[in-house]
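Look through the structure below and then follow the paragraphs from one part to the next.

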Amino acid sequence: MVVLRKRKQPEPSAAQQDGLQKMLDAAASASSLLIFTGSGLSATSGMSTFSTKGGLYERAQKRFGVTDGKKLFTFSFFEKQRLEAMAFFADIYAEAKRAKPSAGHRALAAIAAMGKLQRHYTMNIDGLAETVGLTTWHPDTNPSGQTLEMHGNIHELVCPECGDVTDVSSAQLRTIRAKRALRCGHCGDADLRCRVMLYDDGEADVITPEDVFDVLEEDVGAADMILWVGISFQQSASTAYFRRVRHFLQDAGRLQQCKQVVVNLSEDCLWNLLSSLSNTDDLHVIEVLASSDEALPKLAARLAQTPAAARQPPPPTLHPLDQARESGCS
Ligand SMILES: [Zn+2]
């Protein structure tokens, strides 16, 4: 159940302080955090956001004369104008190359260094988490990786035919900009694409393997605090992830005990999220009206005050002999 404030429209600063303090209080007893991030995390890194003014959708709209810039990020558009779309993605790649990690990224790395990060799930494709030292999850080569890139990484190319992934080379970048097809060095197929998830992506399995949701279920089971940072909840993917997490918590009977926090500068985010849910009973969400650059460093500082040893130990399993002793058989 979401508790609505009785006060009439509190001043943003008061609401901000209120939510921040609640998050920090909750963090005092947290030892395993699951953190989801969206474009707000990279807002001060030099990366464009999607739906804001002058953002990627608007630029796509102007460049391709489409009525809705979002269309460029759909698989149906990509299939029709693959080389044109790739040239546009090359611009996003160039932006990501120039981008610098934010204070929020550095705070994430600090939380991981304390041993309190269950995992970081990002919808960002900029690869910036890696630049602060967070390791990237991979189902085969790094299953214990700290950051799981839900929507891929713009620095990489993938072959839809054989699934081979490589970093974009400067020669390949020139080919993409010249709107020519790229051949896979592994299987020879001439259809290499950026490893970024598009809407209704028909090649989604080579961007993110389906078994990420098995990993997510395990992570949700181990986390005692879940944060949604810099996510506007305007995209269907993010609300779908929230619903899935909620479902996992419900199944585990942990909906009440696992605290969830939504961190964003705009009040619209929680509103967008709640509007997308059919049922908000038993839903406990702390709303933090702050940027990720403000909230995450404060969270890291609070977490640093309690040692990682405070992590709840697993329930003791008694040796059969001890069990016998306990039941008074010895
Ligand atoms: Zn291939």
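Strand S7, helix H10 (residues 236–251) and strand S8 make up a right-handed β-α-β unit. Here helices (H or I, at least four residues) and strands (E, at least two) are DSSP runs, numbered from the N terminus. A crossover is called right-handed if, with the strands pointing away from the viewer, the path from the first strand over the helix to the second runs clockwise. A further right-handed β-α-β unit is made by S8, helix H11 (residues 268–275) and S9.

This is a predicted model, in which local features need pLDDT of at least 70 and side-chain atom pairs count only at pLDDT 80 or more, while totals for chains, interfaces and linings use all residues. Residues are numbered from 1 along each chain as its sequence is written. The pLDDT is the predictor's confidence in each residue, from 0 to 100. For the protein chain the average pLDDT is 88, and 89% of the residues score at least 70. Over residues 1–7 the pLDDT is below 50, and this stretch has eight contacts in the model beyond near neighbours in sequence. Two residues are in contact if their C-beta atoms, placed from the backbone, lie within 7 Å. Residues 310–330 also have pLDDT under 50, with nine contacts beyond four places in sequence.

The protein chain has 13 helices and nine strands in its secondary structure. Two strands count as paired if DSSP finds at least two bridges between them. In general, strands of a sheet pair through backbone hydrogen bonds, either parallel or antiparallel.

The pairs in this sheet can be taken in turn. Strand S1 (residues 33–37) and S7 run parallel and are joined by five bridges, with Leu227 in S7 as the bridge partner of Ile35. S7 (residues 225–229) is in turn joined to S8 by five bridges, again parallel; Ile226 stands opposite Gln260 in S8. Four bridges join S8 to the parallel strand S9 (residues 285–288), where Glu287 is the bridge partner of Val262.

Why is S8 (residues 259–263) described as largely enclosed by the rest of the structure? The reason is that five of its five residues are buried. A residue is buried if 20 or more other C-beta atoms lie within 10 Å of its own, exposed if 12 or fewer, and partly exposed in between, with C-beta atoms placed from the backbone. Both faces of S8 are covered, with Lys259, Val261 and Val263 buried on one side and Gln260 and Val262 buried on the other. Over the protein chain, 36% of the 330 residues count as buried.

In soluble globular proteins, nonpolar side chains tend to be buried together. A nonpolar core is a set of buried Ala, Val, Leu, Ile, Met, Phe, Trp, Tyr and Cys residues joined through C-beta atoms within 7 Å. The largest one here has 53 residues, of which Leu227 and Val288 touch the most other members. Apart from it lies another core of 27 residues, among them Met47, Tyr57, Phe78 and Met197. Leaving out residues up to four places away in sequence, Leu227 touches Leu33, Ile35, Phe36, Val261 and Val263.

Back in helix H10 is Ser238. Ser238 is buried, with 21 other C-beta atoms within 10 Å. Not counting residues up to four places away in sequence, Ser238 touches Gly38, Met123, Ile231 and Phe233. Ser238 and Gly38 are 200 residues apart along the chain, and their C-alpha atoms are separated by 8.6 Å.

There is also an open sheet of three strands in the order S5-S4-S6, with antiparallel pairing. S5 (165–167) and S6 (193–196) stand at the edges with a single partner strand each, so one side of each is left without a neighbour in the sheet. The twist averages 50° from one strand to the next. S4 (residues 152–158) is joined to S5 by three bridges, and Val158 stands opposite Val165 in S5. Helix H4 (residues 82–98) lies across S4 and S6, running at about 130° to S4.

Key:
Axes are lines fitted to C-alpha atoms, for helices over the stretch in contact, and angles run from 0 to 180 degrees between N-to-C directions.
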